[in-house]
Amino acid sequence: MNNFLKNNKGLTLVEILVATVIGSITVAAIYFSFGIFSSTYLGIVAKVQVSKDIRNALTVITKDVRLAGYTSKIPTQSGGVSFAPFSTMNNKIIVRKNTYFNQNSMPGSYASGTNDVLEVIYDRDRSTRVRVSYAQSNDGFLKKRLSRCLNADCSGDSDYVYNENGFYDYQPIAGQGLEGFKVTAFNSAGTELTSTQANQAQFIRVSVLYSSATNGEVHKTEQQQTFKVEELTVSKNDKFFRDMASVLIYPRNIQTLK
């Protein structure tokens, strides 16, 4: 028994110190690795969200623009007003340059800014002619509003909000982080039109710029970034990720393109 006890010695102080150092190094390595992996993961998530916002925004806008000037096969009736089919593209695509939606002004109005407003008019069915409006709000969202027309050319009805889809006034169609929304109209020859000529548009180009500002920083150091969004130049120096995309959209209503 005495020999057994003599051969079962405890750890020496040196062995304890060595084990403590090795354990501390291992824990520190795990901690720093977790931090790196975590920041990398969050950066990927932020980039994915930016791409998702761009895709969602352009998809929704494209769907409405393709319907510009669409009419039901018979004259529509709405509130006692008879809406004859459109014969031209006049007033079916409206572009308001350097404008944004000021949601702090109730019930909401346009104000001077660096981005644009896009409006599209078409018939949803035989009894409803609508105007769909897209604009950047002052809280960084791209928002959509659906209004029912009260007269044939859809003038003077901007505050009459159509609630069939369950929303009132402008609602976001993508995440927060919009920094550029520009719209350019073209005629059939591909000549760029001014905002006052946009009612003659045969197709339009829509460009959006989104950042990861609301989803976190991506770059380790500040990056100088410059983007050309149509005629708008956006320059930033920070750690956020940004991306932009443009799409050419042609209305599907062939009759209106004659």
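This is a predicted model: local features need pLDDT of at least 70, side-chain atom pairs count only at pLDDT 80 or more; totals for chains, interfaces and linings use all residues.
I take buried to mean under 20% relative accessible area, exposed over 50%, and partly exposed in between, with a 1.4 Å probe and protein chains only. By that scale I note E231 as partly exposed, with a relative accessible area of 41%.

**Ground rules**

Residues are numbered from 1 along each chain as its sequence is written, and side-chain values use heavy atoms, with hydrogens and water left out.

**Confidence**

I looked up the pLDDT, the predictor's confidence in each residue on a scale from 0 to 100, and found that the protein averages 78, with 74% of the residues scoring at least 70. Over residues 254-258 the pLDDT is below 50, and in the model this stretch has seven contacts beyond near neighbours in sequence, a contact being heavy atoms within 4.5 Å.

**The sheet**

Helices (H or I, at least four residues) and strands (E, at least two) are DSSP runs, numbered from the N terminus, and I count two strands as paired if DSSP finds at least two bridges between them. I traced an open sheet of four strands in the order β11-β10-β12-β15, with antiparallel pairing. β11 (192-193) and β15 stand at the edges with a single partner strand each, so one side of each is left without a neighbour in the sheet. Between β10 and β11 I found antiparallel pairing over two bridges, and A185 stands opposite L193 in β11.

**Aromatic rings**

For rings of Phe, Tyr and Trp (its six-membered ring), I call two a pair if their centres lie within 6.5 Å, with planes under 30 degrees apart counted as stacked, over 60 as edge-to-face and the rest as tilted. Searching the whole structure, I found two aromatic pairs. In one of them F186 and F203 are stacked, at 5.1 Å centre to centre and with 10° between the planes. F186 lies in strand β10 (residues 178-186) and F203 in strand β12, so this pair ties together parts that are 17 residues apart in sequence. I checked burial as well: F186 counts as buried at 8% relative accessibility, and F203 counts as buried at 11%. Because F203 lies in strand β12 and Y250 in the segment after β15 (242-249), the pair ties together parts that are 47 residues apart in sequence. Y250 counts as partly exposed, at 45% relative accessibility. I therefore record F186, F203 and Y250 with the note that they form one aromatic cluster, F203 being buried at 11% relative accessibility.

**Salt bridges**

My rule for a salt bridge is a side-chain nitrogen of Lys or Arg within 4 Å of a carboxyl oxygen of Asp or Glu, and by this rule the count comes to 12.

One of them joins E119 to R96, with the closest N and O atoms 3.1 Å apart. This pair links distant parts of the chain, E119 being in strand β6 (residues 117-125) and R96 in strand β3 (residues 93-96), 23 residues apart. I find E119 buried, with a relative accessible area of 2%, and R96 partly exposed, at 32% relative accessibility.

The side chains of K182 and E231 also meet in a salt bridge, at 3.0 Å from N to O. K182 is in strand β10 and E231 in the loop between β13 and β14 (232-238), 49 residues apart. K182 is buried, with a relative accessible area of 0%. I also note a network of salt bridges that links K97, D116, K182 and E231.

R205 and E230 form a further salt bridge, at 2.7 Å from N to O, and this pair links R205 in strand β12 with E230 in the loop between β13 and β14, 25 residues apart. R205 counts as partly exposed at 26% relative accessibility, whereas E230 counts as buried at 13%.

**S212**

Lastly I looked up S212, which is found in the loop between β12 (203-211) and β13 (223-229). S212 counts as buried, at 0% relative accessibility. Leaving aside its neighbours within four places in sequence, I list A46, V50, V218, F240 and F241 as the residues in contact with S212.
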